[in-house]
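Grab a pencil and keep the viewer open. Each exercise below gives you a task, then walks through a solution.

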Amino acid sequence: MGKLFCSSCCLLFFLLLCFELGSAGNVTYDARSLIVDGHRKLLISASIHYPRSVPAMWPGLVQTAKEGGVDVIETYVFWNGHEIAPSVYNFEGRFDLVKFVKTVQQAGMYCILRIGPFVAAEWNYGGVPVWLHYIPGTVFRTDNENFKLMKKEKLFASQGGPIILSQVENEYGYYEQGYGEGGKRYAQWAAKMAVAQNTGVPWIMCQQYDAPDPVIDTCNGFYCDAFKPTAPHRPKIWTENWPGWFQLFGAPNPHRPAEDVAFAVARFFQKGGTVNNYYMYHGGTNFGRTAGGPFITTSYDYEAPIDEYVYLILPKWGHLKELHRAIKLCENLLLTSNPVNISLGPSQEGGCAAFLANTDDKNDVTVSFRNASYHLPAWSVSILPDCKTEVYNSAEVHHPDMQPLQADLVKSSLEDHVNVTKDASDYLWYTTSITVSEDEKFLKQGRSPVLMIDSKGHAVHVFVNGQLQGFYFFWFLQKQVHSCF
């Protein structure tokens, strides 16, 4: 292992504000859940990284997450943005962490702070200042006297603030073995150092299989329903549920269907989960040279429920909102009773509140539960808060993707873009429609229609009976498109 970067300096975060809204006083845990001010909680968390957006966006982002059924906002702390040179600190603009946490609290929400010092996050140097590279005799992420971190906050729940969890290090379990005994000592030191800060809230370490008590080891991945903490008295926490993936130059656009995300979340809570965090809920933008890793694009959109430009990604945002509502209907029962799994068939199981799951990814099934029949699509979970009424199925998307635009004005010809929009928008949509008679020959013959478009526009959306059927983006100004719907 080469000598990379480490520090003989102490990073002090002087977050000296103490707020009243959205605060918690006491946070503990047991094997079933986090306990906030004496109340057990099932929590939906959303990753929003403050330096990947601008301060003017923060209130809207936080509020949109709240409207989507989110309880908690999670963020990393990006050290290299805050200590740009030894003992030279920056907490302004996009790096105004105090303002960001205050925004979360003013919305009446909790916060999870993942302080690192190494955060990865597809961020330059993993969030560690590059100037540490030039300090002699230091080795990064291993047992080393030069590597120290201290943090003083007045935003933790125990101080009247919104922060209910903090994380030290990040996915170090993947790399610890490569550092040998030094890696083990470093992991233990990092955990003990964090606990010694006496923040009054639990500490977590994600993907850390030897996290010492009282630190909680947590899960990252596309699916964490099968995850079990390494100690039986720790709650089951999902720190990174990936609703998509980051984009690489030259690579296909990552895609994860809303139905699969919802299935994974429902299974996680069905199997005893207490905190689910979407990484990311809003990915944002890698400004300047902050993107880290090979070929990471400027966009960190992540196919998250809120896109880079703060537009809702539908149906994902709406489908997950409905899921969160259904889970909250079951919260009290899930947290105050012992779950029982009942076999409904070779790939089906259920429990009362109830969650009925079909883990067969190819075949729909009909199951009998409490003398009633329920249809379970392939790879889906149905939620019955009263063990009778199905309020949600992860494979059935009811939230519309998009609706046809209503015309602001009617013209018989193309209009000059700037004259119409007065430069208030980059977009000018034209709508037109055709009515297809039942007597059309292709319908009688059972053939699919072919829509041919010769356009100088940039994009087209096609709706049939008000439902979005497809879209196409034109990469050249003149291109004939043959699309089958």
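**Exercise 1. How many bridges join strand E2 to E3, and which way do the strands run?**

Step 1. 3 bridges join E2 to E3, and the two run antiparallel. As for the word "pair", two strands pair if DSSP finds at least two bridges between them.

Step 2. Look for one facing couple: Val 36 stands opposite His 39 in E3.

Step 3. Zoom out to the open sheet of 3 strands, which has the order E1-E2-E3 with antiparallel pairing. Strand E1 (27-29) and strand E3 (39-41) stand at the edges with a single partner strand each, so one side of each has no neighbour in the sheet.

A word on the ground rules: this is a predicted model, where local features need pLDDT of at least 70 and side-chain atom pairs count only at pLDDT 80 or more, while totals for chains, interfaces and linings use all residues. Residues are numbered from 1 along each chain as its sequence is written, and side-chain values use heavy atoms, with hydrogens and water left out.

**Exercise 2. Which strands make up the closed barrel?**

Step 1. Trace the barrel of 8 strands: E4-E5-E8-E9-E10-E11-E12-E13, with parallel pairing. From one strand to the next, the twist averages 30 degrees (axes are lines fitted to C-alpha atoms, for helices over the stretch in contact, and angles between N-to-C directions run from 0 to 180 degrees).

Step 2. Check the pairs around E8. Strand E5 (residues 72-76) pairs with E8 in the parallel sense over 5 bridges, and the bridge partner of Val 72 in E8 is Tyr 110. E8 also pairs with strand E9 (residues 163-168) in the parallel sense, over 5 bridges; here Ile 112 stands opposite Leu 165.

Step 3. Move along to strand E10 (residues 203-206) and strand E11 (residues 216-221), which pair in the parallel sense over 3 bridges. Met 205 stands opposite Asp 217 in E11.

**Exercise 3. How many residues of strand E8 are buried, and on which faces?**

Step 1. Sort the residues. One side of E8 has Tyr 110, Ile 112, Arg 114 and Gly 116, the other has Cys 111, Leu 113 and Ile 115, and all are buried.

**Exercise 4. What does helix H3 pack against?**

Step 1. In helix H3 (residues 97-106), 7 of the 10 residues are buried. Among them are Leu 97, Val 98 and Phe 100.

Step 2. These buried residues of H3 pack against E4, H1, E5, helix H2 (79-82) and E8.

Step 3. Step just past the end of H3, where Gly 108 takes a positive phi of about 75 degrees.

**Exercise 5. At what angle do H5 and helix H6 pack?**

Step 1. H5 and H6 (residues 316-329) pack at about 20 degrees, with their axes 9 Å apart.

Step 2. Angles under 35 degrees count as roughly parallel, over 145 as roughly antiparallel, 65 to 115 as roughly perpendicular and the rest as oblique. H5 and H6 are therefore roughly parallel to each other.

Step 3. Look at who touches whom (contact means heavy atoms within 4.5 Å). The contact includes Val 261 and Phe 269 of H5, along with Leu 320 and Ile 327 of H6.

**Exercise 6. Is His 458 buried or exposed?**

Step 1. Find His 458 in the loop between strand E21 (450-455) and strand E22 (459-464).

Step 2. His 458 has a relative accessible area of 57%, so His 458 is exposed.

Step 3. Now pick Tyr 427: His 458 and Tyr 427 are 31 residues apart in sequence and 9.8 Å apart in space, C-alpha to C-alpha.

Terms used: Buried means under 20% relative accessible area, exposed over 50%, partly exposed in between (1.4 Å probe, protein chains only). Helices (H or I, at least four residues) and strands (E, at least two) are DSSP runs, numbered from the N terminus.
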